[in-house]
Amino acid sequence: MQSSVPSLASIENWPVPTAAAAVVRADGTLAGSYGPTERRFPLASVTKPLAAYAVLVAYEEGAIDLDEPAGPEGSTVRHLLAHTSGLAFDENRVMAAPGTRRIYSNAGFEALGDHLAKVTDIPFADYLHQAVLEPLGMTSTTLEGSPAKDGASTVDDLVRFAAEVQAPRLLDPRTVLEAMSVTYPGLTGILPGYGHQRPNDWGLGFEIRDGKSPHWTGSLSSPRTFGHFGQSGTFLWIDPDARAACVALTDRPFGAWAVEAWPPFTDAVLTDLRSS
């Protein structure tokens, strides 16, 4: 295809065995892609936005309420989605009162999955499949394990998801607007891989760029940019101001290479989009 995002080819220069990337516009059209977009990669924490979307579908269906108790005492579904339940990063240990600190928590998303499975009597992976993956045609995406980090998918499938988030069909656009807006503003916390952030803003399952520095998106990314990156060397960002989203999947764990490569890549993508 004729790509209006030639900078996608720069993933060839990343120090990774394999990478694939694509950009999808807010109207659902593919602006460009590069690499084996049909290849499945482990998502790591890019699993979380998919899991959050399933929870939001359950909310709209009336299966759960965002403010019902879930997780540790005093915590709600909303707290778990926004990493403010007080649960530790990777263990079921309470480190703070709900709503007082932004503690990025895999354990919180696992509690979320357990809660949804309990109230719906449907295993979380099955609910995710029925609520999100199947309706979007994400036939190469699976969840085998933790809703925090055990998803696997392709660039092609995540393009479908990114198109959905930009022009929702499965959710009311007002619900998506809430998910991409700061929940519990002003809370500080650590953004994994990027240190302490004041504030460390998150929505419901999505991290929000705002004024964070350092950050895995670019200097040209709008403050409204939201998304997620994963420790398997993966990311998905959606920039409402650019009216586009970008997915990149690799098979090398996140590290200094990604900290160095991703922001200039994002800036080049945004520059291409502006010039096209």
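1. Some ground rules. This is a predicted model, where local features need pLDDT of at least 70 and side-chain atom pairs count only at pLDDT 80 or more, while totals for chains, interfaces and linings use all residues. Residues are numbered from 1 along each chain as its sequence is written, and side-chain values use heavy atoms, with hydrogens and water left out.

2. The six-stranded sheet. Look for an open sheet with antiparallel pairing and the order E2-E1-E11-E10-E9-E8. Strands here (E, at least two residues) and helices (H or I, at least four) are DSSP runs, numbered from the N terminus, and two strands pair if DSSP finds at least two bridges between them. Strand E2 (30-34) and strand E8 (207-208) are at the edges with a single partner strand each, so one side of each has no neighbour in the sheet. Helix H5 (residues 155-166) packs on this sheet and touches strand E1 (19-25), E2, E9, E10 and strand E11 (244-250); contact means heavy atoms within 4.5 Å. The direction of H5 makes about 25° with that of E1 (axes are lines fitted to C-alpha atoms, for helices over the stretch in contact, and angles run from 0 to 180 degrees between N-to-C directions).

3. Strand E9 (residues 226-230) and strand E10 (residues 234-239) run antiparallel and are joined by five bridges. Gly-230 sits opposite Thr-234 in E10.

4. The three-stranded sheet. There is also an open antiparallel sheet in the order E3-E5-E4. Its edges are strand E3 (41-44) and strand E4 (142-143), each with a single partner strand, so one side of each is left without a neighbour in the sheet. E4 pairs with strand E5 (residues 151-153) over two bridges, in the antiparallel sense, and Thr-142 has Ala-152 in E5 as its bridge partner.

5. Thr-84. You'll find Thr-84 in the loop between helix H2 (77-81) and helix H3 (106-120). Is Thr-84 buried or exposed? Thr-84 counts as buried, because its relative accessibility is 0% (buried means under 20% relative accessible area, exposed over 50%, partly exposed in between, with a 1.4 Å probe and protein chains only). Leaving aside residues up to four places away in sequence, Thr-84 touches His-79, Ala-97, Pro-98, Gly-99, Arg-101, Arg-102, Tyr-184 and Leu-187.
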